Structures are given as C-alpha cells and as structure tokens.
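Below is a walk through one structure, starting with a single chain and ending with what that chain touches. Keep the sequence and the coordinates open while reading.

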Amino acid sequence: MDPRTRLERQARPASLLLNMGPSHPAMHGTMRIMLELDAERILNAECEIGYLHRGFEKTCENKTWFNLLIYTDRLNYVSPLINNLGYAMTMEKMLGLAVPERAQLIRVLMSELSRVSDHLTCLAAMAMENGAFTVFLYMMKAREFLWDVIEQTAGARMTTSYIRIGGVRADLRPGWREALAAAVRGTRAVLKDVSGLLDRNSIFIGRTRGIGAISREDALSYGWTGPCLRSTGIAYDVRKAHPYLVYDRLAFDVPVGEHGDNYDRYSVRMREMEQSLRLLEQTAALVPEAAPLPAGPVLEPDEAIRASRRRRASGRIRLSPNLEGSEKERQPGLMTPDRPVGVPPKEDAYTTMEGLISHFLFFMNGKGIRPPKGDVYFSVEGGNGEVGFYIVSDGSDRPYRLHLRAPCFHAVAALEQLIRGRLIADVIPTFGSLNMIGGEIDR
Amino acid sequence: MGPESLIGEIRARLGPAVEGVADSFGDPVLVLRAADVRPALAVLRQPPFDYAVLLDLTCVDYAAGEGRFELVYHLFSLSRNVRLRLKASVPAGDPAVASLAGLWKNAEWLEREVFDMFGVRFEGHPYPRRLLTYEGFEGHPLRKSYPWRLEQPRLPLRDRD
C-alpha cells in the first residue's frame, strides 16, 4: 500500500505541508495534525491518532472482570471515576444487580466532581493555548479543590479504581461534607472569576466566536455527544435521556449553545459546571450521615487471627489504612448484597474459614465474577459525552470482548472538517474545545 | 410506537435483510444479512425510523469456533430516544462488508479502526488505512489469533526528500 497519507497524495505541488504534532505543546497528549497550507490558510488537514494506543481492549480480554477495572482508570484520565462507573454499571446490567441507595448517591457525587474537573481541565488548557495563562492557573487551582475531595475518599487523585462492580469500594471519609462544601464554594468563585476574564474578552471571542462551527446535522452525523453536541443546540444528555443512578430524582438543567462554535463549546462547559455544582449540593444533602462504627476494643489483625483459633472472634479488627471506610459494618450501604461481585470483607478473611475460602474463591483464576453469556451495551454521561461499554461475555471469568465507545473519538473525527479553510491559529482553540483525551481516544 | 412494534415495523420494512431478532439484557438486537448492511442502515437512517446517529461500530472475533467475524453497529435515534443494535456476520476467510462512508461521517474512522484491529475489509471505503496502529504494523491485534504479547518489527526511519 502507498505509505503516503491521503493528504500527501492529494496536496498541490505549490502547497506547504506542515506537521502539527505529535509532539506539540497544544496537542494535549499526542496527536498529529497534518496540514496542507497556502501561507497561513489551511487547504486540507488530516489527523493521525493512535500515539497513545496501549491495547486497552486486548488487555482486558486477558484480565479477570475484577482486575480490569484499573485499566478503565486510564481511559479518560481526567475523570477516571466516570469510566469506573461506566464499566461497573455495564457489568451490573449484565449481572442484574441492584446497588444500595447510599452507593448510588456516592457515585453521583463522584461523577459530578469528575465532570467538573474534566471541564475545568479542558477549558484551562484551551484558555492557556489562547494566551490566557491566568485562567489556566485559576482553573487548575479549582481542580485541586475537587481532587482533594476525591482523594480523601478514593485514596487517589487519578488512578482511583473506586467505583466497583456492585457498589463503591469505601464509604465517604469523615468530614467529607465540609470538604465538599468548601470545594464547591472555591470552584464557584473560580468560575465567576473565569467568566469575568473570558466571557466578554475580545481576544478570546476573536479566537473562538464563529470558529470551528459545525451544524446540527453534521454533529449528529459525526456521532457527537456531550457538551460538543449540546453546543449546537441539541439538548441530548444521557443523564436526562436514559437516566441512571438517581439522576431522575435530581433537578438540573441541560445547557445548550446555538452556533456549535468554539465559544459555544466553552460556554456550554462553563454552564454545565454550574449545574454539576448544583447537583453536588443536592446529592450531598441526600446522603445520610454514616452510622458510627460500634464501640469497644479494636483488635490488631494478628491478635484477631490468634483469638479466632479458639473461638469465633467478635469485635472490630483494625484494618490497614488503605481499607479505611470499607469495614464490614459499612458494607451493606456500599455493596450489593449479592456477594461474589465484591471483595469479601477483610475481617472475615482474617478470622473465619468461610471468609478465607470466599476470599480465595473470589480471586482465583476461573472463579470470581462470572456473568452469564451474552453481550451488553450501557453508557453513562462522561465529561466528553456518551461513554459506552460494549461487553461480550462467554460465561467465563474474563471478557470475550470489551469495547469502549470513546466520546472524543467522534469529536476529533470532525476536526479535519472544522479547520479546513481556516487559519493555522484557529487549529489551537478548535482542537482545545473538543477536549481530546489521549487515553480515551487511542485506548 | 412501543419498542416491540418498532422492531416489527423495521422487520416489515427491511424484509429478508433481517435474519433474526434477539433480546439482549432488555435491548433489542437485529441480525442482518451482511450483504444488506448498507442498504438496511440507509433505510434506518431516514424517517420514519430516524436513527440519525451512528453511535458505535465494532467487531467481535468468533473465527476460532464459528469461523466468522461479527460486526456490531449501534444506532441511536434522537427523536425517539431509542438505541438499536445491529449485527452482521462475515466469514473469517475473507471478512468484508460494504462501507457506511457517505451515510455517516464518523463511519470513516470507525471502519478504519475495525479494519486496523480485525482486518475486516470495508468495500467502498474512501481511505482504507490503519487508524490506531501504523503503516507497517503486522497483523490485526484484536483477532483472537494474535498473541497478547507480540513484538512488532522495528521500522526503518522514512527518508524525507
């Protein structure tokens, strides 16, 4: 096959061919945009992706259903919790599991925190590349507020693996309510500042208004979802159209744009963050205070193991700090009672024969989670749009096929059309407003 | 129109192109004849069915046991707010199906990815080229016959004139 790209073959002899990327400060992650130029004017463009291809789908076929969760963290690495959620809920649909109310509320909290951080990152980078470095710093600061809340509970900022099949790994950390309220307050203040800096900023408007515009028909034809689709005026949001978790009980609006240009994509994301903060406050009010753990002596694990040799141990056992929040007493609110989908309580594994057996049965090859045969598709609203998982199970302990529907794949597919006929400088805000995430698009 | 009657109407309209209907965890699935994929999807894209969005396109390798690749299309209708899954099987020996390029704009990239990962040919595709891997990559990594850990040969640097 001709090793030359379509652009190279079709380029006019007089044109200048220029590579933007794969290593370019504005190519968040790595992506190559080949441009055919007449001076500054882009006559034709071609995008090349795959520089971050790690074989996610192939790897998953070789991991057990439980173990592959960590790979979903690394898809859209700015909002890993939403990927966790998408995978967990797809599995729950296949296994027919009902998740406890408390876990559902925690999932909504985590999803919305992630959504805001996703939008913040997108707009921060977009603004910075247009020269608004202050906005970048402000928004990164706000993202830290949110990630602090996530980190307190999930134990990690990005590689969370917190939302598990059947529920969540641990309960919210004591003091989360105040931390969340402070983060929401701080983020609101930052959004107000950013609005003041950008909304009517003539430099920003000059680089975004009317640039990278797409019609509704084309947006649909490209399979756009999420904020990019809504910027064209189509109010499609998976949380409203196919409600999951408790979204049907919460009040929020779906902001839409009008022209589908860069500015509308910015503005839709800004207004969506407001809605997400609103959702965070509503959901936080719905989460009941956690019941305190029973009082009494707390045994060290080795003491408990020794004691359990004589008689069934009673009382609490001190768990390692990374298991904080997943004590046995907390499990009913966090995990579906259909046991084999979650890690059995550590207390049982330490002190009872049955607990130890079920622990091994959960982690052994060929055991553990084994969904029925069949294929299933389920999607959630991610930061970039519809994050869908298509999973084929052959009844064994690992997927026969697992496919991610990456929302930014479809958005970036339209980039060639969006920048054709524009100037080089227009590539930057257009690309920035699509929020390409390497881990998600290349998988 | 309820979901069942919608499927019934699609069956009536597409006729023999539909080889079967299935239910998968509550979602409707239509099994299409591979030769009819493009005309059938062209019909579904238009009103009254109005599946205006090609949500996703992927493939599953059943070559080892059943000697076939299964293409899986997900359509979405904004006006009805329903999704539809369609499947078509192609023989593993020479997997080929008509391209959807021209019907949906994202089909070009989706089909390039399936070609790259599974080696399915899309007839009439305007630019059949690998998407996620590179020119010179050997094999199709998501086929079951492709080992999980396989090193690819190093490519020489291309000389630019």
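What percentage of the 161 residues in chain B is made up of buried residues? The model is a predicted one, and in it buried residues account for 41% of chain B. The C-alpha trace of this chain spans about 60 × 40 × 25 Å along its principal axes. Its secondary structure consists of 4 helices and 7 strands, and along the sequence these follow the pattern α-β-β-α-β-α-β-β-β-α-β. Of the contacts in chain B between residues at least 6 apart in sequence, 48% join residues that are at least 24 apart.

Five of these strands can be traced as one sheet. It is an open sheet of 5 strands in chain B, with the order β1-β2-β5-β4-β3 and mixed pairing. The edges are formed by β1 (18-24) and β3 of chain B, each of which pairs on one side only. On average, and with direction ignored, neighbouring strands in the sheet are turned by 25° against each other.

Helix α4 (residues 107-118) of chain B lies across β3 and β4 of that chain, and runs at about 10° to β3(B).

Strand β5 (residues 82-91) of chain B contains L84(B). Is L84(B) buried or exposed? It counts as buried because 22 other C-beta atoms lie within 10 Å, and the cut-off for a buried residue is 20 or more. Leaving aside residues up to four places away in sequence, L84(B) touches P28(B), L30(B), Y51(B) and L75(B).

At least three core residues come from each of domain 1 (6-48) and domain 2 (56-287 + 371-441) of chain A. On the chain B side, L71(B) touches C59(B), K87(B), A88(B), V90(B), V97(B) and V120(B), again without counting residues up to four places away in sequence.

How many residues of chain B are in contact with chain A? There are 27, and they meet 34 residues of chain A. Both β3 (53-62) and β4 (68-77) of chain B supply at least two residues each to the side that touches chain A. The most comes from β3(B), which gives 6 residues to that side. Sorted by class, the side of chain B that touches chain A has 16 nonpolar, 6 polar and 5 charged residues.

One local feature of chain A remains. Strand β2 (residues 32-38) and strand β3 (residues 41-48) of chain A pair in the antiparallel sense over 7 bridges. Within this pairing, M34(A) has E46(A) as its bridge partner in β3(A). The hairpin of β2(A) and β3(A) has 2 residues between the strands, and A39(A) takes a positive phi near 55° there.

Technical notes
Residues are numbered from 1 along each chain as its sequence is written. Chains are lettered from A and ligands numbered from 1 in the order in which they are written. This is a predicted model: local features need pLDDT of at least 70, side-chain atom pairs count only at pLDDT 80 or more; totals for chains, interfaces and linings use all residues. Two residues are in contact if their C-beta atoms, placed from the backbone, lie within 7 Å. Ala, Val, Leu, Ile, Met, Phe, Trp, Tyr, Cys and Pro count as nonpolar, Asp, Glu, Lys and Arg as charged, and the others, Gly among them, as polar. Domain bounds come from an automatic or database domain assignment. A residue is buried if 20 or more other C-beta atoms lie within 10 Å of its own, exposed if 12 or fewer, and partly exposed in between; C-beta atoms are placed from the backbone. Two strands pair if DSSP finds at least two bridges between them. Axes are lines fitted to C-alpha atoms, for helices over the stretch in contact, and angles run from 0 to 180 degrees between N-to-C directions.
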